[in-house]
Each structure stands twice: as structure tokens, then as C-alpha cells.
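Dear colleague,

Please find the structure below, handed over for your use. My notes on what was found in it follow directly after.

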Amino acid sequence: MNDFEKIFARNLLTWGPEKQQQLADACILVAGVGGLGSTVAELLVRAGFGRLLLLDAGIVDEPDLNRQIQYTSDDLGKAKVEVAAQKLSRIHQHTTITPINRRLEDDPHLFDSLWQHKFIGIADCFDNFSSRFVLEQLLKDDIFLVHGGVQNDYGQITTIQPGVTKPLKALFPNVEDATSPLPVCPQIVVCVASMMAHEVINAVWGTPQLLNTFLIIELSDFSFSKIQLQ
């Protein structure tokens, strides 16, 4: 048994070598490496994805430490993507991690450089809709986007696919971003991020479960609901 088979032995028992190889061949853009993104990225590494792009221009500060699992007090003031890339690279050597310490909205040339990485899907882990709507412009017919959002102990997830679903901007036509930090507990972040990671895996395999569907999670009463979109 080689190193790859040893590390991913439990994965291989769960979904088999063909699906594991599909993950190993895939590149995913994780947009935002805060609460959702830091957890999504780690789960994708542990699932065995071949390449991850980490996009974020933020630095680690004190309020991040309640829910952003890649970071500790030792990382305060450091660039999130650099810290996350370093720590994720220590899990194993089978995922190539590229940190991109830039802000998508401020850099029109960033679109061109991102395309060179040939990612096949996006995990939308941003915490504001203005950034999400810019991010969505990266989508093409063969690229999917798994959107996640959290507030308090509530979370939502859906999958966007051009030509199959409405774009995020149509689903949230009148949304306004909050002018102050959102209240959020760590439990809902890890819960939603775990499901986002699983939906990214589903989409890579060609079996997304949340096309034209919102998955709604309410930890206050442990309720899970699916809302079908028209």
C-alpha cells in the first residue's frame, strides 16, 4: 500500500478509487478563508482534492478566533491565506495549495490569472453579497458554485450552475450587506462548512444535491429544511 492509499484508506472504503481519483484531479477555488472557508478548505484537503486556490485579502484578528479554525492567537496580524496554506500543507503532501492574497473586487486583472488555474468549482465562503456577486462573474457553463451563508445559529446552502439555476444575484435581488459585524456562533459555521464541502464533492462527481434548492439549517431547534426554488 503506497502513501496515497494509506492516507485516504477510509475515503477509499467509503466511495472507492474512481471517485477518489476524480477528487485528486480536481482544482477548487475557495473564495474567502474566514469562518466557512477555513473549515471548507481543511475538509477538501482531507478528502483528497489535488489543488486548492485560497482567495482572501484579510488578516487574522481577535474576533476571528471564535469560529475560524485555521487560526490561533499566534497568527494575529498575519495574512489569512498564508497562514491557512501553511497549516493545510502540513496535513499531507497530496494537495497543492495556492494562496492568493488579493481582493477580487479591486483587481480586474485577477480574473484572468485565476482562469489559468483551471478550477472546476467554487466554494463561496465570502461574508458579503457585494463580493459574492463579483465572484459569480467567474462562472461558466462547466463551473459550479456552492454558496454558503451563516448568521446567529442559522445557515443556508445552495448550488449555482449556469444554465441550470438562477444566479445568486437573481435569488437575492434586493439584499443589502450589513454595516456592522454579523452575530455568529462557531457551531453553525462548522456545520454549514461541512455540508458545503460535501456538496462540492457531490458536484465534482456530477451529482450535486442542491441545484435549485436551498438547504436551511436552524441549530436553535435542530431543524433542517429544503426549499425548492422556482
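Ring pairs join F129, F133, F172 and F214 into a cluster; rings of Phe, Tyr and Trp (for Trp, the six-membered ring) pair if their centres lie within 6.5 Å, and planes under 30 degrees apart count as stacked, over 60 as edge-to-face and the rest as tilted. By this rule, the count comes to 6 aromatic pairs. The ring centres of F172 and F214 are 5.8 Å apart and the planes stand at 75 degrees, so this pair is edge-to-face. It links distant parts of the chain, 42 residues apart: F172 is in the loop between α7 (168-171) and α8, and F214 is in strand β7. Helices (H or I, at least four residues) and strands (E, at least two) are DSSP runs, numbered from the N terminus. Both F172 and F214 are buried, where buried means under 20% relative accessible area, exposed over 50% and partly exposed in between (1.4 Å probe, protein chains only).

Please note that this is a predicted model, in which local features need pLDDT of at least 70 and side-chain atom pairs count only at pLDDT 80 or more, while totals for chains, interfaces and linings use all residues. Residues are numbered from 1 along each chain as its sequence is written, and side-chain values use heavy atoms, with hydrogens and water left out.

Two lysines are placed over tryptophan rings. A charge sits over a ring if NZ of Lys or CZ of Arg is within 6 Å of the ring centre and within 35 degrees of the ring normal. K19 lies over the face of W205, at 4.6 Å from the ring centre, and the charged end of K140 sits over the ring of W115, 4.1 Å from its centre.

I turn next to the nonpolar cores. A nonpolar core is a set of buried Ala, Val, Leu, Ile, Met, Phe, Trp, Tyr and Cys residues joined through side-chain atoms within 4.5 Å. The largest has 44 residues, and those with the most contacts inside it are I28, L44, F49, L52 and L54. Among the elements that each supply at least two residues of this core are β1 (27-31), α3 (35-47), β2 (51-55) and α8 (186-204). The largest share, 11 residues, comes from α8. A second, separate core of 26 residues includes L110, L114, L145 and I160.

What space is left in the largest pocket? The volume there is about 1,200 Å³. On a 1 Å grid over the protein atoms alone, a pocket is an open set of points with protein on both sides within 12 Å along at least five of seven lines, a cavity is a set where a 1.4 Å probe fits but cannot get out, and lining residues have an atom within 4 Å of a point. Of the 42 residues lining the largest pocket, F126, D127, N128, R132 and L182 are the closest to its centre. Helix α6 gives the most to this lining, with 4 residues.

A search of the whole structure finds 1 cavity of 30 Å³ or more. The largest cavity holds about 40 Å³ of space, and its lining includes T158, T159, I160 and N212.

N212 has a positive phi of about 55 degrees although it is not a glycine. This residue lies in the loop between α8 and β7 and, at 24% relative accessibility, counts as partly exposed.

Yours sincerely

Definitions and conventions
Grid points are joined across faces, edges and corners, and a volume is the space filled by probe spheres set on the points.
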